[in-house]
Amino acid sequence: MDNHVYDLVGVGIGPFNLSLAALLEDIPEIDSVFFDQKPHFDWHPGMLIVGTRLQVPFMADLVTLADPTNKYSFLNYLAQKNRLYPFYFLQRLDIPRREYNDYCQWVENELDNCRFGHKVVDLEYLENEGHYVVSVQNMETEEIGQYQAKNLVLGTGSSPRLPKAFQGFSSENVFHTAEFLDRQDRCRQAKSVTVIGSGQSSAEAFRELLKERMEHPYKLTWITRSRSFFSMEESKLTVEQFSPDYVNYFYRFPQEKKDEIFASQDLLYKGISSHTITDIYNLLYENSVSNEDMNVDLQVLTEVHDIKEKGDTYEISCHQWEQNHDFTHESDVVIVGTGYHPNVPPFIKSLSSYIAWDDKGRYEVEPDYRLRMNIPNQIYVQSGISHSHGVGSTNLGLAVHRNKIIINHLLGEEKFPIYDKYVFQNFDAEKF
Ligand SMILES: Cc1cc2nc3c(=O)[nH]c(=O)nc-3n(C[C@H](O)[C@H](O)[C@H](O)COP(=O)(O)OP(=O)(O)OC[C@H]3O[C@@H](n4cnc5c(N)ncnc54)[C@H](O)[C@@H]3O)c2cc1C
């Protein structure tokens, strides 16, 4: 047991907690340490496909939207790597996803309060002492150490969602898009590859497979339950819904209404970026030159409800729901793009009696990102808050604003000014 009592212990170091760790470096009043089970920072490594871009402007880096003068800004990263001129001539706001990862790794290497290769395995609250005890396993030695903390911040992100129908098969052949790059060689050797789902990750995997078909002529199929391979709403006025103003507006609704609103916002985050669709269309066209049977199928309106092993291949049971028509399709490799779900660590349940839960078993969250609890020591949450704070909760651009609010709350003063209005439009009729 380390006898020191930290002001803040962070669980998980994805971009959200890394941003908090970076902002805290200039705030000596808050003594913090952050843990992550991975050996080093790595942002969705299976999807760091060459040519993929960040879906937000580079200004949504780890610090700029809180403090543009912070040394951990993306522009300072470029300056330190002597890449400012190439970036200046590039004239783009949407940086490569691989570059965002490299930038975050640069920040991580500079920070003293981040410990990688350490998994948080348990939490306990000592009522008499008024602090938490965090059990942390060193992933190399397997030893468990204990750290004391007045407050916690959970930034455990999300995990790939693999529906039951796709579980229990060889992970070489049936896998989630999150593993795409690890399994790309397997795809190259397959006679047929099928991608299921029409979100951004599925589209990026399909685009990559389509690119490589000239050299690796597998049969390629893309199936979605949706009515079309639809594009995300990305217009400037629409994306103002990823603003603090919209978070505040959304937060004030009763939970039932929030669930209803959230369920109607698919177009904001579930579709495909229009530039990815354009790339795919161009590649389809290229593939079709002097090629009567392209061996590429795109099937919409079709739900996959089961797959079965059939010798060396898989039989996929499909249902065209509008025609009520069942059919099967065979494929050697099945790539499942069924999204992610919040990774709520199981040990949070050990503090269950202190936390308020809603009738769907979700924790209740205060406007300033603290769990609603009956004890004075806070648990701030960065992940699993879409139900309380809305569609922007997983957006990189809002994470920095959230960290401003968390830091202000920890300090008990407005270190970072918070304004009532940030964007042009009003959501709230009272502000009209
Ligand atoms: C492929 C992909 C691309 C995306 N692109 C964008 C984009 O361009 N723009 C955008 O706004 N959003 C994007 N998102 C959404 C969002 O920004 C990311 O999911 C982002 O990574 C969320 O950050 P995070 O810090 O919550 O979690 P994560 O990045 O998921 O990190 C969580 C960390 O917690 C660690 N962890 C979990 N449990 C423990 C434990 N018990 N102990 C120690 N460590 C633990 C994990 O190892 C992990 O490193 C993307 C999402 C995906 C999947």
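I started with strand β5 (residues 131-138), which is mostly covered, with six of its eight residues buried. Buried here is under 20% relative accessible area, exposed is over 50%, and partly exposed lies in between (1.4 Å probe, protein chains only). Helices (H or I, at least four residues) and strands (E, at least two) are DSSP runs, numbered from the N terminus.

I noted the basis: this is a predicted model, local features need pLDDT of at least 70, side-chain atom pairs count only at pLDDT 80 or more, and totals for chains, interfaces and linings use all residues. Residues are numbered from 1 along each chain as its sequence is written, and side-chain values use heavy atoms, with hydrogens and water left out.

**Partners of β5**

I looked up β4 (residues 118-126): it pairs with β5 in the antiparallel sense over eight bridges. Strands pair if DSSP finds at least two bridges between them. Asp122 stands opposite Ser135 in β5. Four residues separate β4 and β5 in their hairpin, and Gly130 in the turn has a positive phi of about 70°.

I then took β6, which runs antiparallel to β5 and is joined to it by six bridges. Val136 faces Gly145 in β6. This hairpin has five residues between the strands, and Glu142 takes a positive phi near 65°.

**Helix α1**

I checked α1 (residues 15-24) next: 10 of the 10 residues are buried, so the helix is largely enclosed by the rest of the structure. Its cover includes β1 (5-11), β2 (32-36), α4 (97-110), β3 (114-116), β6 (144-154) and α12 (396-411). Contact means heavy atoms within 4.5 Å.

I followed α12. The axes of α1 and α12 come within 9 Å and cross at roughly 45°. That makes α1 oblique to α12. Under 35 degrees would be roughly parallel, over 145 roughly antiparallel, 65 to 115 roughly perpendicular, and the rest is oblique. Axes are lines fitted to C-alpha atoms, for helices over the stretch in contact; angles run from 0 to 180 degrees between N-to-C directions.

I listed the contact: Pro15, Phe16, Ser19, Leu20, Leu23 and Leu24 in α1 meet Leu396, Ala399, Val400, Arg402, Asn403, Ile406 and Ile407 in α12.

**The parallel sheet**

I traced an open sheet of five strands, ordered β8-β15-β9-β10-β11, with parallel pairing. β8 (174-176) and β11 (296-299) are at the edges with a single partner strand each, so one side of each lacks a neighbour in the sheet. Strand β9 (residues 192-196) runs parallel to β15 (residues 333-336), joined by four bridges. Thr194 has Val334 in β15 as bridge partner.
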